[in-house]
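Here are some questions to work through with the model open beside you. Try each one before reading the answer.

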Number of protein chains: 2
Amino acid sequence: MPYRYEIRLSGEGGQGLVLAGLILAEAAAIYDGINATQTQAYGPESRGGASKSEVIISDEEIDYPKATQIDLLLALTQEACNKYWPDLKDSGALVVDSSRVTELPKGGFKIYHLPIIETAKDQIGKAVVANIVSLGVITAISGVVSREAVEKAVRARVPKGTEELNWRALEAGFKLAHAQTG
Amino acid sequence: MPYRYEIRLSGEGGQGLVLAGLILAEAAAIYDGINATQTQAYGPESRGGASKSEVIISDEEIDYPKATQIDLLLALTQEACNKYWPDLKDSGALVVDSSRVTELPKGGFKIYHLPIIETAKDQIGKAVVANIVSLGVITAISGVVSREAVEKAVRARVPKGTEELNWRALEAGFKLAHAQTG
């Protein structure tokens, strides 16, 4: 059976989810050597400020780069959570920010209700790195990309001079996931 | 008949084609109000330094975000041109950088052989903005997104402090295309 893992990163514009998706796909493909696609679909909802970025990781060439049966959904707003959780597999994982998502859906999937934005703000001093904290969380929970690959991909993509800040954000994300998963 | 326009931006890593694709999709969707997707597919070739970014623009929801029958192909390296021109429609447009692409394919499509990288280097003073010069060229040639939308999308995405530089690069791209198309 070919292996295919679908990730959707969702929230609102300005949360840096496009960059997060890009980093995840580059970590998988350039540094871990597996196939990956990264897609943004913009529709009428983009004008309302909603944002989503999708990453598919597979051991085969990816013919259909859209996520339809999601293995891991990140939702950084309640609106994104409400809209996208029905596409999540029962065996999947739902990662939500605990300050922005308070009503949780019910299903067979695992829920990780984590203070992602708060960690970015309080531990790193910049709410804007919540996307990189999220990356750390996703890397730890999904296990589909290596930590080393994600570290390299972050360094290659973030603006010069912010590498250290982003590295700390990633580290904080790894810890946040491990604190919950044990 | 639904309208669908497929663009592939190709070249090598470091040429900023991912950002260019993102800006084009956001111009179409956020500022012009049409549907757009933007996809990067990374395979074994990514490790070799090749890079491509695809943008689909449509008046309908986009179910299949991969480009298969290309309306406009940008190639900033000979390797990318050789690899991708067979996917170009006969009615399409091939935009190549004249310093990096010297062997041109033959077909029904129109060829725009333009000094994109040289313009970035000589007129703007930074080869790295060749991606934004390309965006100006593509906007003028394709006619699928408005110039105003692309200007807004560029401003929203480029690093703070580089807006003026990138605006000039975009302007230089518009002029380059108009000089050839008349």
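Q: Is the crossing of H1(A) and H5(A) left-handed or right-handed?
A: This is a predicted model: local features need pLDDT of at least 70, side-chain atom pairs count only at pLDDT 80 or more, and totals for chains, interfaces and linings use all residues. Residues are numbered from 1 along each chain as its sequence is written; chains are lettered from A and ligands numbered from 1 in the order in which they are written. A crossing is left-handed if the near helix is turned anticlockwise from the far one by less than a right angle, and right-handed if clockwise. For H1(A) and H5(A) the crossing is right-handed.

Q: At roughly what angle do the axes of H1(A) and H5(A) cross?
A: Helices (H or I, at least four residues) and strands (E, at least two) are DSSP runs, numbered from the N terminus. Axes are lines fitted to C-alpha atoms, for helices over the stretch in contact, with angles from 0 to 180 degrees between N-to-C directions. The axes of H1(A), residues 17-31, and H5(A) come within 9 Å, and the angle is roughly 35°.

Q: How many nonpolar residues does the contact of H1(A) with H5(A) have?
A: Contact needs C-beta atoms, placed from the backbone, within 7 Å. A:Leu17, A:Leu19, A:Ala20, A:Ile23 and A:Leu24 of H1(A) meet A:Asn131, A:Ser134 and A:Leu135 of H5(A). Ala, Val, Leu, Ile, Met, Phe, Trp, Tyr, Cys and Pro count as nonpolar, Asp, Glu, Lys and Arg as charged, and the others, Gly among them, as polar. The contact has no charged residues and 2 polar ones; the nonpolar count is 6.

Q: Which residues of H5(B) make the contact with H4(B)?
A: The axes of H4(B), residues 116-124, and H5(B), residues 130-142, come within 8 Å and cross at roughly 120°. H4(B) passes H5(B) in a right-handed crossing. H4(B) brings B:Ile116, B:Ile117, B:Thr119 and B:Ala120; H5(B) brings B:Ala130, B:Val133, B:Ser134 and B:Val137.

Q: How many bridges join S2(A) to S2(B)?
A: A:Thr37 stands opposite B:Ala41 in S2(B). The two strands run antiparallel, and the bridges between them number 7.

Q: Which element gives the most to the side of chain B that touches chain A?
A: The contact takes 23 residues from chain B and 23 residues from chain A. On the chain B side, H1 (17-31), S2 (35-42) and H2 (44-47) each supply at least two residues. With 8 residues, the element that gives the most is S2(B).

Q: What rotation superposes chain B on chain A?
A: Copies are superposed by least squares on the C-alpha atoms of residues with pLDDT of at least 70 in both. Of the interface residues of chain B, 100% are also interface residues in chain A, so the copies meet through the same surface. The shift along the axis is 0.0 Å, the RMSD is 0.0 Å, and the rotation is 180°.

Q: Which residue of chain B comes closest to the rotation axis?
A: The C-alpha distance to the axis is 2.1 Å. The residue is B:Thr39.

Conventions: Contact = placed C-beta atoms within 7 Å. Pairing = 2+ DSSP bridges.
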